[in-house]
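Please look at the sequence and the three-dimensional structure together. The paragraphs that follow lead through charged side chains, aromatic rings and the surface.

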Amino acid sequence: MNRALFLILIGLGGAAILIYLGVWQMQRLAWKEGIIAEIEARIADDPVALPATPDPEADAYLPVLAEGRFTGETVRVLVSQKIVGAGYRLITPFETGQGTLLVDRGFVPIEAEGAPLPEGRVSVRGNLQWPQEVDSFTPEPDLERNIWFAREVPRLAEALGTAPVLLVAREVTPPEPGVFPFPVDTARIPNDHLQYAITWFSLAAIWLAMSTLFFLRRRRGAPTES
């Protein structure tokens, strides 16, 4: 009897832990979906003037409208888009009345390589972003061919002589022929909590099934008392 009770406790206890982890992931899912909804609402909000001293935390995803002119060298960041394939993001210094920052002008197919800078004064509507795209597998920039593999804002700013601020264009006026805006969205924000929850709940069901099967086999194989 004590052995049977022990097996029941192990089965129910293990399942309870796994179910708890699944519920916790569902709570995390609701929390993450709320954050993503807030970010999406902020991205789509009406643009404001460029802050005097943009902050990477307080001003992340902030929609802004900036006026100025493109200057200096353009850096190409290798990326890939669905259907279109490989290409480059064009990152160019943008001189405003408050200083010079980086502007992600948009995407060009890899065979295009680049696009001439718009002449004169232009306006850029977009969102501030400090993307975290670098990991241990990210190659070093190929400076000879002017190819970068991530938008490393501090390094790009140092290389191009700008403030460490990146404005990702949603619209450039006048528009640039052949350059397609690649605006900020929430697609890169990881949200795997539903998959984790399903995994934990599935493990709980398997644990209960295996525990029940083991318990029944032990019961059937137990010697009867005379």
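Asp104 and Arg89 form a salt bridge whose closest N and O atoms are 2.6 Å apart, a salt bridge being a side-chain nitrogen of Lys or Arg within 4 Å of a carboxyl oxygen of Asp or Glu. Because Asp104 lies in strand 5 and Arg89 in strand 4, the pair ties together parts that are 15 residues apart in sequence; helices (H or I, at least four residues) and strands (E, at least two) are DSSP runs, numbered from the N terminus. This is a predicted model, in which local features need pLDDT of at least 70 and side-chain atom pairs count only at pLDDT 80 or more, whereas totals for chains, interfaces and linings use all residues. Residues are numbered from 1 along each chain as its sequence is written, and side-chain values use heavy atoms, with hydrogens and water left out.

Asp104 has a relative accessibility of 1% and therefore counts as buried, and Arg89, with a relative accessible area of 6%, is buried too; here buried means under 20% relative accessible area, exposed over 50%, and partly exposed in between, with a 1.4 Å probe and protein chains only. Asp104 also forms a salt bridge with Arg151, where the closest N and O atoms are 3.1 Å apart. Since Arg151 lies in the loop between strand 7 (147–148) and helix 2 (153–160) while Asp104 lies in strand 5, this pair ties together parts that are 47 residues apart in sequence. Both Asp104 and Arg151 are buried, and a network of salt bridges links Arg89, Asp104, Glu133 and Arg151.

The count of salt bridges comes to 10, and one of them joins Arg155 to Glu140, with the closest N and O atoms 3.1 Å apart. Arg155 belongs to helix 2 and Glu140 to the loop between strand 6 (122–128) and strand 7, 15 residues apart. How exposed are these two residues? Arg155 counts as partly exposed at 32% relative accessibility, whereas Glu140, at 54%, counts as exposed.

The structure also holds two aromatic pairs, for which rings of Phe, Tyr and Trp (its six-membered ring) must have their centres within 6.5 Å, planes under 30 degrees apart counting as stacked, over 60 as edge-to-face and the rest as tilted. The rings of Phe70 and Phe94 have centres 4.9 Å apart and planes at 55°, so this pair is tilted. It links strand 2 (residues 63–70), which holds Phe70, to strand 4 (residues 85–96), which holds Phe94, 24 residues apart. Phe70 counts as buried at 6% relative accessibility, and Phe94 counts as buried at 0%.

In the pair of Phe107 and Phe182 the ring centres are 6.2 Å apart and the planes are at 85°, so the pair is edge-to-face. Phe107 lies in strand 5 (residues 99–109) and Phe182 in the loop between strand 8 (166–173) and helix 3 (193–221), 75 residues apart. The charged end of Arg89 sits over the ring of Phe182, 3.9 Å from its centre, the rule being that NZ of Lys or CZ of Arg is within 6 Å of the ring centre and within 35 degrees of the ring normal. Arg105 lies over the face of Phe70, at 5.6 Å from the ring centre.

Helix 3 also holds Ser211, whose C-alpha atom is separated by 9.4 Å from that of Gly14, 197 residues apart along the chain.
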